[in-house]
Structures are given as structure tokens and as C-alpha cells.
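Subject: A structure for you to look at

Hi there,

I am handing over a structure for you to explore, and my notes on it follow below. Please keep it open while you read.

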Amino acid sequence: MGRVVAVQGPVVDIKFKSIEEIPSVYGVLKTETVDQREIFLEVAEHRAGNIARCIAINSTQNLQRNAKAVPMGPSIEVPVGDVMYSRVINIMGQPIDQKGVISAKKKAPIRVRELGTKIRSKAVTTKKFEVLETGVKIIDLLFPLVKGSKTGVLGGAGLGKSIITLEIIHNIVTKHQGTCVFVGIGERIREGNELLFELSKHGILPKTMIVFGQMNEPPGARYGVAMTGATLAETLQKENQDVLLFVDNIFRFIQAGAEISTLLGRVPSETGYQPTLISEASEFHERIRSGGGVAGSVTSIEAVYVPADDLTDPAVVAIFTFLDSLMVLSRERVQLGLYPAIDPLQSSCANLDPDVVGKRHYQISQDVLQAFYKYEELRKLVLVIGIDELSPADRLIYDRARKIQNFLTQPFSTAEAYTGKKGYYVPIEETIKGCEEILSGRHDKRSEEEFYMVGPLT
Ligand SMILES: Nc1ncnc2c1ncn2[C@@H]1O[C@H](COP(=O)(O)OP(=O)(O)OP(=O)(O)O)[C@@H](O)[C@H]1O
Ligand SMILES: [Mg+2]
């Protein structure tokens, strides 16, 4: 047992009698405030004088010096397994949904000692690519979701990251019976409520496990909650299930890491972020990788907040180096009402490959991208010379590209409240057919408005 010797906001120093008693880094301690509120602490550093410097998971208000701190084990452990479906927990695995205690048979530590950098003899690359259909036209066409891959939805404030992730959950779970883990990091509490409401409204909740470490919580909770989510997903994966892991918002995980780093007095790198930026981003992403000798997979979809719309922000760069597919949202498209506001020319996807999606899909996707590139050039030209000065051939390309741009917008089931339109699930075949027809000129006589915010082409 140790004693609290200093409390500075979320940083708490615990003194032990001898060096042997000090728990290892990431060890958990429990202490209490004067008004008997439990506080959990995670060991961050060992200091001289038998002191463990800890980061508090809960608010340290009213925690006083000399309070007892009891070691609880080498890592936070959370309940895992089927009982977690339709439950909402915090980083510690405690229920926060007022549905009573969780009586789980199994618990798992959220901190793992070794990520297993060892190369395994059975290569995972021999696995066949399996594409998960999302029913969102632009995503299926240009950013196919491959089982076991990592996808990022990048964008500044209010561009529709959360709605895109929610729509993917909605479509995959209702259409394909997927199971998913949702991790809310550092977003508004109101959004957590809304998510819960949407999920139960559409009957998705029984297939979902939810973990929250929202904006109001101390950095320790926001930082660790990503690992709690990863642990839930990992356990399902080990049971040979295919899991979808949704994170809203992974930038907040990095941000919480930066806050902790500052609180611990570490000197930031010249970019202003924590010196451990890359290793923190990798700790999370490497943990949720697929393979490792199990048949299950974790497919992750992560919302990434982009501060001030600046894609070169070091935290954003650190995150996207681990992603296979990047959907970049653009403010310009939001202003034009082109939802989902993914800008295909700024985005990229490693899964868009003929071996993964098939020759026809690949060819059409390339033709669509080509049309967008050309449109971008012509658009600038039109600003200068006016649309009537375009040559007839260019005018045709220009019009068709605009029709495709409109066709790739889509009313979402989860955004019905905003658009007032019924949401559509569009099978990939319909999307490919629609784009092919527009590109081939079959719809040259129709006006571009007819393609805006519709489901499949009629
Ligand atoms: N697909 C869509 N259809 C219609 N409206 C949308 C769509 N996506 C986003 N919006 C509008 O944009 C707003 C913000 O969306 P959302 O909350 O998903 O953004 P965000 O990128 O998650 O924002 P934040 O950075 O605050 O988390 C919504 O409230 C809605 O009005
Ligand atoms: Mg959001």
C-alpha cells in the first residue's frame, strides 16, 4: 500500500515504503477522496524516493495527501465477451448505461506487454481480400472497405465525420449481420447520447459494444479508452469473429496523449506534440491489426479530426501513416451540399486494386477519377472564360463529370433528420452501372439535378 504525497490536477504521486512495492508502469492503483469517491490511477513513471507518478482516470477533486492507494494489478482489466453487447462502459469497464452491473465471466487487461513484432511463419498475406459492402455509393466505388483494413474519415469540424461512421455501422450491421465495437474518444457527451439513440432506434444496439471516454473526462481516461475498445475488439477477433471497430475520434486519443505528456513535464517535440507521437499512434494501430494466427479480423473505421482543416498537422500525419484508406472531407463540398463530402481527388485508397475489387469495378473507378481530374481543370477554365466557350467535347466531359459528382451524393438513413429524405442503401453493382451509364453518355439528355441526392439510377 502507498500514500498520496502530491496531487497536481490529474497527476498524483504515490509514495511507497520500499522499491519492491512500487507497481510497474501501467499498474493500477485505487484511492479515495475525503468524500469516499473512488479514484483509479495508472502508473506513468517511477521517480526517486520510491514514488510512482500516476495519471488519474477520474477527477482528483477532493483527493487529499496521505490518502491510501492500493495496487490493483499490473493493468486495467475490463469485462469481455458476449455480455458486453448492447452495453456502454467507460475505460475501467464499468457500466455507464444504468442497465445494472455487468457480470462477465472473463476479464482482459487493456495494456499488453508485447505487441508481437515476431514474424510468423504462416504469412497472413495469403488471405483472400474480402470486400465489405457499405451501401454508400462513393465509398464502395472509390474506397472499398476490405475486411481487416483500416480506414480513416478525415475532416475539420462539422464536415460529417460522425455521420459517415454512423451510416457505415448502420448499413453493415443491418445488411450483413456484423458485430461492432464503438469507441467514443473526447467527443461531446451529447453525441454519445445521440449515437445510443440512433443505434437503438435502428435495432443495432444488440450487436454493438460501446466504450466512452468523452470530452469532460480527464486525459488519462480519454487516452486509455482507445485501448479498452481495442481489447473488446481483440477478444472477439480471437474467437474467430469479424469485428468492425469504430473510433470517433482518434485525433482526441493523440491529443489526450499530448496532454499527459505535458502534465508529466516532458519536453514537446518541435511540432508542439508529444515526443512519443508516432509510437503512441502505432501502439493503438498495431494492436488492432489482423492476422497473428487467428481467423477473425478487425476492420477499423476511424474519424480523424483535422485541426484548422490542415492535413499536414503532425498528429494527422502520424495517424494516417497507419491507414489503408483515407477519405478526406472537404469544406467546399459541404458548402455545395454534396454529402457525403468526400473529396476523391484529395483522398486515396490502397484497396482500390483490380485484384481486390475486380477488373470492371477498377476500370470504372479509374474512369470516374479521370473525369473528376478533367472536371477540376475545366472548372478553373470556366471561371475565366465562361461555360459557353468550352469546346463541345470538353462541354460533354464537364457535364458528365458534374452528373457523376451528383450521383455520388446520397441521402443517409442516419441523416434523415437533416435532409428530410429517406436513406438509401445502394448495392455496389448499381453504383457501377450508374457511373458506367453516365460516362457512356446514356444520360446526356437528362439534367444534372436528377442525379442529386438519389439512391440508385432509375
Ligand atoms: N450525409 C449528410 N447528410 C446531410 N447532412 C449532413 C451529412 N453529414 C453531415 N451533415 C451535416 O453536418 C453536420 C455535422 O456532421 P457531423 O456531426 O457528422 O460532423 P463531424 O465532422 O463529426 O463534426 P465534429 O468535428 O464536430 O465531430 C450535421 O449536423 C449535419 O447537419
Ligand atoms: Mg463528430
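What distance separates the centres of domain 2 and domain 3, taken over C-alpha atoms? The centres of these two domains are 30 Å apart. Before more detail, a word on the source: this is a predicted model, in which local features need pLDDT of at least 70 and side-chain atom pairs count only at pLDDT 80 or more, while totals for chains, interfaces and linings use all residues. Residues are numbered from 1 along each chain as its sequence is written, and chains are lettered from A and ligands numbered from 1 in the order in which they are written.

**The domains**

The protein chain is assigned domain 1 (2–74), domain 2 (78–352) and domain 3 (359–451); such bounds come from an automatic or database domain assignment.

**The ligand**

Where does ligand 1 lie? Ligand 1 lies between domain 2 and domain 3, because both give residues to its shell. There are 16 residues around ligand 1, and Gly-160, Lys-161, Ser-162, Ile-163 and Tyr-339 come nearest (a residue is near if its C-beta atom, placed from the backbone, lies within 6 Å). Helix H2 (161–176) and helix H12 (416–419) are the elements that give two or more residues to this shell, and H2 gives the most, with three. The shell around ligand 1 has nine nonpolar, five polar and two charged residues.

**Two helix pairs**

Two packed helices are described by the angle between their axes and the distance between the axes. (Axes are lines fitted to C-alpha atoms, for helices over the stretch in contact, and angles run from 0 to 180 degrees between N-to-C directions.)

Helix H5 (residues 250–263) and helix H6 (residues 277–287) have axes that come within 10 Å and cross at roughly 135°. Phe-253, Ile-254 and Gly-257 in H5 meet Leu-277, Glu-280, Ala-281 and Phe-284 in H6. That contact has five nonpolar, one polar and one charged residues.

In the other pair, helix H10 (residues 359–385) packs against helix H11 (residues 392–407) at an angle of about 115°, with axes 9 Å apart. Residues of H10 that meet H11 include Val-368, Phe-372 and Leu-378. The contact of H10 with H11 has nine nonpolar, no polar and four charged residues.

**Backbone details**

Most residues other than glycine have a negative phi, and most peptide bonds are trans. The bond from Tyr-339 to Pro-340 is cis, with omega near -10°, and Pro-340 lies in the loop between helix H8 (331–335) and strand E18 (348–349). Asn-66 has a positive phi, near 75°, and sits in the loop between strand E5 (51–56) and strand E6 (68–73).

Enjoy exploring!

Conventions: Helix = DSSP H or I, 4+ residues; strand = E, 2+ residues; numbered from the N terminus. Contact = placed C-beta atoms within 7 Å. Nonpolar A, V, L, I, M, F, W, Y, C, P; charged D, E, K, R; others polar.
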